[in-house]
Amino acid sequence: MSYLKTILLTLCLTATNLAIANDSADIAKELAVFKPYLGTWQSDFKVEPGKPAMQDISRWERALNGKAIRTSHSINEGVYGGESMIFWDSKEQSIVFYYFTTAGFYTKGTMNVLSPTKFVAYETVTGSKEGITKVRSTSEYKDDKFIVLTSYLKKGEWTKPEERVYKRSEKEVRFR
């Protein structure tokens, strides 16, 4: 019986790895920086003592025949979430993205590639009830995880950068 379980587990892991590898096939050369980010990720946020835990599950995947990258994420199984489409804008000669949220606001931004595994994103926010008008974040893939540093322009002042570390995950993005 354990032999059968071992075979089934091996088949499941192989199928998952093939699906991830297939996701990275044929991505537009301008989007190559995102190849290592493809797949599902998890970050357990640093929170103050006594505050509830916060966990972000994020999925990055090839979209539109490799002409775009689609991301989706959910915090605490759908309390908050969003989806993005990242693509090369040939007219702007830039990586552009739109991010739509369950909180009713959206952002439009651009990304600059800093290295083969690192990029910076600049976003303009529309409709934030918290007074956030811009977001600046830097993401770097290293040692099979990625680190994101994010600052917000809120009520005219930039916040101190927040760091989040994402590790590979088997969890699913969920929306309520």
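The following legends describe an overall view and several close-up views of a predicted model.

**Figure 1. Overall composition of the predicted chain.** The chain contains 1 helix and 11 strands. Read from the N terminus, the order of elements is α-β-β-β-β-β-β-β-β-β-β-β. Of the 176 residues in the chain, 36% are buried. Among the contacts with a separation of 6 or more, 33% join residues 24 or more positions apart.

**Figure 2. Close-up of the pairing between strands E8 and E9.** Strand E8 covers residues 132-142, and strand E9 covers residues 145-154. These two strands are antiparallel and are connected through 10 bridges. Within this pairing, Tyr141 lies opposite Phe146 of E9.

**Figure 3. Close-up of the turn in the hairpin of E8 and E9.** The hairpin has 2 residues between its strands. Asp143 adopts a positive phi near 55 degrees here.

**Figure 4. Close-up of strand E9 beside strand E11.** Strand E11 comprises residues 162-168 and pairs with E9 in the antiparallel sense. The pairing extends over 6 bridges. Thr150 has Glu162 in E11 as its bridge partner.

Figure 5. Strand E10 consists of residues 157-158 and pairs with E9 in the antiparallel sense over 2 bridges. Lys154 is bridged to Glu157, which belongs to E10.

Key. Residues numbered from 1 in each chain as written. Predicted model: local features only at pLDDT ≥ 70, side-chain atom pairs only at ≥ 80, totals over all residues. Heavy atoms only, no water. Helix = DSSP H or I, 4+ residues; strand = E, 2+ residues; numbered from the N terminus. Buried < 20%, exposed > 50% of the residue type's maximum accessible area, 1.4 Å probe, protein only. Contact = heavy atoms within 4.5 Å. Pairing = 2+ DSSP bridges.
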